[in-house]
Amino acid sequence: MPSPEFRSTSRPPEIDLAIALRRATAGIHAEIEHLPLMSRLTSETVTLDDYRYYLRAILAIHAPLEQTLYARLDASVNERLGVRPKLPALLNDLDEQGLKYNVAALTVTPAIALPNDLSATIGGLYVLEGATLGGRTIARHLRRLIGEPLGSTRFLDFHGQQTSASWKAFTGALNTLTAQHTLVPDRVIAGALAVFDHVYKRLELSGGA
């Protein structure tokens, strides 16, 4: 039988929301990585045209999605999460490649039918922030194979050398907000899965066979 001291100090562990999200989204994340567009981007035969095609495809997905999520996020939560929009970096990459776009038309397009609450919204932001981890790896891969014509890859390598630190700060904030009961874990996970599913379907349509 546990001692009185043990019974008085023992508490059920708080959920690690970052780990729960990773586990819940692992399947759809792997499916996205194996889509034709992403497979070409990470292959040893990737070309500059493949990268340019990716930029066009991801702009049509990212611009309205980012606008939807950030419009729902108040300044105090934004500051705690340490997140900032990535669209300017993506537009910079498009400009470097001489690619034309109409961002005004993209951002007014409804992105996704996502419940308008903080937990679901932050679940969506988890997807956008998590993409910076793989993005840095892909940027290194492209630099090795394509070289200087690739440009700065500001979108893929958004946080640069601070990628790991930024991710650690973001996931730490997730867990703090959960411990403070600001977030509902199940709704955060549902939001992340909804955004992953949205990204998968759009990339599938964009990627060809």
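A crossing of two helices counts as left-handed if the near helix is turned anticlockwise from the far one by less than a right angle. That is how H8 goes past H9 in this predicted model. Helix H8 covers residues 118–146 and helix H9 covers residues 163–179, and their axes cross at roughly 160°, coming within 10 Å. Angles over 145 degrees count as roughly antiparallel, and H8 and H9 are therefore roughly antiparallel to each other. On the H8 side, the contact is built from Ile122, Leu125, Tyr126, Glu129, Gly130, Thr132, Leu133 and Arg136, while H9 brings in Thr163, Trp167, Phe170, Leu174 and Leu177. Sorted by class, that makes eight nonpolar, three polar and two charged residues where H8 meets H9.

H8 also packs against H4, with the two axes 12 Å apart and an angle of about 165°. That angle makes H4 roughly antiparallel to H8, and the crossing of this pair is left-handed. From H4, the residues involved are Leu48, Tyr51, His62, Leu65, Glu66, Leu69 and Tyr70; facing them in H8 are Thr121, Gly124, Leu125, Leu128, Glu129, Leu142 and Ile146.

H4 has another partner in helix H6, which takes in residues 87–96; here the axes sit 10 Å apart at an angle of about 155°. H4 is thus roughly antiparallel to H6, and H4 passes H6 in a left-handed crossing. Tyr51, Leu55, Arg56, Ile58, Leu59, His62, Ala63 and Glu66 of H4 touch Leu87, Leu90, Leu91, Asp93 and Leu94 of H6. Nine of the residues in the contact of H4 with H6 are nonpolar, one is polar and three are charged.

Then there is the largest pocket, with a volume of about 910 Å³. Its lining is made up of 37 residues, and those nearest the centre are His29, Val127, Gly130, Ala131 and Gly134. Two or more lining residues come from each of helix H2 (17–33), helix H3 (36–41), helix H4 (48–71), H8, H9 and helix H10 (185–207). H8 gives the largest share of the lining, with twelve residues. By class, the pocket lining splits into 22 nonpolar, eleven polar and four charged residues.

Definitions and conventions. Residues numbered from 1 in each chain as written. Predicted model: local features only at pLDDT ≥ 70, side-chain atom pairs only at ≥ 80, totals over all residues. Heavy atoms only, no water. Axes fitted to C-alpha atoms, helices over the stretch in contact; angles between N-to-C directions. Helix = DSSP H or I, 4+ residues; strand = E, 2+ residues; numbered from the N terminus. Parallel < 35°, antiparallel > 145°, perpendicular 65-115°, else oblique. Contact = heavy atoms within 4.5 Å. Nonpolar A, V, L, I, M, F, W, Y, C, P; charged D, E, K, R; others polar. 1 Å grid on protein atoms, 1.4 Å probe; cavity = no way out; pocket = protein on both sides within 12 Å on 5 of 7 lines; lining within 4 Å. Points joined across faces, edges and corners; volume = space filled by probe spheres on them.
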